[in-house]
Amino acid sequence: MPGPALSTDALVLQARPPAESFQTLTVFSAEHGALTVLQRVPKKFPPTRVVLALFDEASLTLETPRSGDGPWFLKEARLIARPEGIGRDYAALRRASALAALAARNPVPAESRPAVAALLRTAFAAFASGAPPDVVWLKSLWRFARDEGHPLRQQWLPSLPAASRAEADRLLRTPLAGLADAKDSAAAESLARRLEAYLCAHTEMIVE
């Protein structure tokens, strides 16, 4: 028998291949953080049935086993957004997957969860819109780490050579609409690698 139900809006961060009749999802909720959810995958779907996919945002109704142990079971889902454009570009898919893994693998304190949910929502929409994936990734990684309290402006930026520091400051301050040049993407890719290395060396964050 199922236990009490939980209703929440969440974004799908990971979707593992179905095993038997269930697919295992990791979703992120502004109220509850990362949750493991099992979605039943029947052989035939009713026309109104929503089958959740990677990067979807949906309103979910979840249930737990009466024992309270184990993952949540998906009872009902109402789709809010499906950023389909991500799957049409390999670079966008790779960077969006890295951001999803970042949120799934790193514990997010309760007070930071609304900001992380907003970041995921904004970034997934940007990846889907055709914005430069490396620029979106750099901005998202910076924002995630900064909001977790890591002293990026005080420690990471000063560690960069002067030219790289100026370029990082420009990329981070300029809106996405003004960063469509190929040179911006190349600079963002280089700076993202430096930021990833810094976070791996100086923090406990798990970065792909």
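Visitor: Is E167 buried or exposed, or something in between?

Guide: In this predicted model, E167 has a relative accessible area of 26%, so it counts as partly exposed, where buried means under 20% relative accessible area, exposed over 50%, and partly exposed in between, computed with a 1.4 Å probe on protein chains only. E167 and R170 form a salt bridge, with their closest N and O atoms 3.1 Å apart; the term stands for a side-chain nitrogen of Lys or Arg within 4 Å of a carboxyl oxygen of Asp or Glu.

Visitor: Why are R170 and E167 separated by about one helical turn?

Guide: Because they lie 3 residues apart in helix 5, helices being DSSP runs of H or I with at least four residues and strands runs of E with at least two, numbered from the N terminus.

Visitor: Which parts of the chain does the pair of D169 and R153 link?

Guide: The salt bridge between D169 and R153, with the closest N and O atoms 3.3 Å apart, links distant parts of the chain, since D169 is in helix 5 and R153 is in helix 4 (residues 152-159), 16 residues apart. D169 is partly exposed at 25% relative accessible area, and R153 is partly exposed at 38%.

Visitor: How many salt bridges does a search of the whole structure find?

Guide: The search finds 12. Among them is the pair of E84 and R88, whose closest N and O atoms are 3.9 Å apart, and R88 counts as exposed at 67% relative accessibility. R95, D134 and E196 are linked in a network of salt bridges.

Visitor: How should I read a nonpolar core?

Guide: In soluble globular proteins, nonpolar side chains tend to be buried together. A nonpolar core is defined here as a set of buried Ala, Val, Leu, Ile, Met, Phe, Trp, Tyr and Cys residues joined through side-chain atoms within 4.5 Å. The largest one has 47 residues, and those with the most contacts inside it are L120, F124, F127, W156, L195 and L199. Strand 1, helix 1 (90-105), helix 2, helix 3, helix 4, helix 5 and helix 6 (182-202) each give two or more residues to this core. Apart from it lies another core of 14 residues, including L6, L25, L52 and L62.

Visitor: Which residues does W156 touch?

Guide: Leaving aside residues up to four places away in sequence, W156 touches W142, P151, L191, R194, L195 and Y198, a contact being heavy atoms within 4.5 Å.

Visitor: And how is a pocket found?

Guide: Rolling a probe the size of a water molecule over the atoms shows where empty space is left. On a 1 Å grid over the protein atoms alone, a pocket is an open set of points where a 1.4 Å probe fits, with protein on both sides within 12 Å along at least five of seven lines, and lining residues have an atom within 4 Å of a point. The largest pocket has a volume of about 270 Å³, and of its 16 lining residues, L119, K139, S140, R143 and L172 lie nearest its centre. Helix 3 supplies the largest share of the lining, 6 residues.

Terms used
Residues are numbered from 1 along each chain as its sequence is written. This is a predicted model: local features need pLDDT of at least 70, side-chain atom pairs count only at pLDDT 80 or more; totals for chains, interfaces and linings use all residues. Side-chain values use heavy atoms; hydrogens and water are left out. Grid points are joined across faces, edges and corners, and a volume is the space filled by probe spheres set on the points.
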